[in-house]
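Subject: Structure handover

Hi,

Here is the structure for you to look through. My notes on it follow below.

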Amino acid sequence: MSAFPETSATLLVKLAAQVTGEDEANWMRFADLYVPAMRDFARGHGDPSQADDVVQEVLARLVAVFRGNRFQVRDGVGNFRAYLATMIRNELYAAFRKEQARGGGRTVPLDEADLVDSGESVTAALDLEWAAARHRAAVEHALTKTLLSKQNREIYRAYVLE
């Protein structure tokens, strides 16, 4: 199983640079690399039906962050995954609060890792979650590109993911 996409400092710098003519291609590359895992991560930490909306909001915020020059690539790129996970969790909490304000009865699962940042253990757990999310997204992507029967897809999915 491969880890969550290796964060490319070069890609992050290109996103921040906003070079005319390359900006759209850089964001498309970012989306290809990250959106499936972001969606899977959001589904695993909140209401699965809101995952697409959460990812869309996070992408909009990322664009604002990069265009506003509020993200600096320093200290390596490992903390970008934590930054992204925090953005996803924050958006999930915002969606939960909106739902509660409207009188919805949904709940958001919380665990200690969501409430307390205990350093390396949280980072290690986050890396494992990203790896699992990326693996599931890769399997689903591969299944959409193959000419398997529905039954064979389900067998493959059960064998590889479960």
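The axes of α1 and α2 cross at roughly 135 degrees and come within 9 Å. Axes here are lines fitted to C-alpha atoms, for helices over the stretch in contact, and angles run from 0 to 180 degrees between N-to-C directions. α1 and α2 are therefore oblique to each other. On the scale used, angles under 35 degrees count as roughly parallel, over 145 as roughly antiparallel, 65 to 115 as roughly perpendicular, and the rest as oblique. The crossing of α1 and α2 is left-handed. The term left-handed applies if the near helix is turned anticlockwise from the far one by less than a right angle, and right-handed if clockwise. On the α1 side, L11, K14 and L15 make the contact; on the α2 side, D23, N26, W27, R29, F30 and L33 do. Contact means heavy atoms within 4.5 Å.

Some ground rules. This is a predicted model: local features need pLDDT of at least 70, side-chain atom pairs count only at pLDDT 80 or more, and totals for chains, interfaces and linings use all residues. Residues are numbered from 1 along each chain as its sequence is written, and side-chain values use heavy atoms, with hydrogens and water left out.

Overall make-up

The protein has seven helices and zero strands. From the N terminus on, the order of elements is α-α-α-α-α-α-α. Both kinds of element are DSSP runs, numbered from the N terminus: helices are H or I with at least four residues, strands E with at least two. Of the 162 residues in the protein, 35% are buried. Buried means under 20% relative accessible area, exposed over 50%, and partly exposed in between (1.4 Å probe, protein chains only). Among contacts with a separation of 6 or more, 69% come from residues 24 or more positions apart.

Helix α1

α1 covers residues 9-17, and its buried residues are L11, L12, L15 and A16. Seen down the axis of α1, these fall within an arc of 135 degrees, so they line one face of the helix. The arc is that of the directions from the helix axis to the C-beta atoms. Just after α1, Q18 takes a positive phi of about 55 degrees.

The α2 and α3 pair

α2 and α3 pack with their axes 10 Å apart, at an angle of about 140 degrees. α2 and α3 are therefore oblique to each other. α2 passes α3 in a right-handed crossing. From α2, the contact uses D23, W27, F30, V35, M38, R39, A42 and R43. From α3, the residues include V54, V55, V58, L59, L62 and F66.

V35 sits in helix α2. V35 is buried, with a relative accessible area of 12%. Not counting residues up to four places away in sequence, V35 touches F30, V55 and L59. R43 is also found in helix α2, but R43 is partly exposed, with a relative accessible area of 39%. Leaving aside neighbours within four places in sequence, R43 is in contact with P48, A51 and D52. R43 and A133 lie 90 residues apart in sequence, yet 9.5 Å apart in space, C-alpha to C-alpha.

The core

The largest nonpolar core has 30 residues, and F30, L62, F66, F80 and I88 touch the most other members. α1, α2 (23-45), α3 (51-67), α4 (78-101) and α6 (120-144) each supply at least two residues of this core. A nonpolar core is a set of buried Ala, Val, Leu, Ile, Met, Phe, Trp, Tyr and Cys residues joined through side-chain atoms within 4.5 Å.

F80 is in contact with T7, L12, F30, Y34, L62, F66 and F71, leaving aside its neighbours within four places in sequence. F71 is placed in the loop between α3 and α4. F71 is buried, with a relative accessible area of 13%. Not counting residues up to four places away in sequence, F71 touches L12, V65, F66, F80 and Y83. F71 and L15 are 56 residues apart in sequence and 9.9 Å apart in space, C-alpha to C-alpha.

Best wishes
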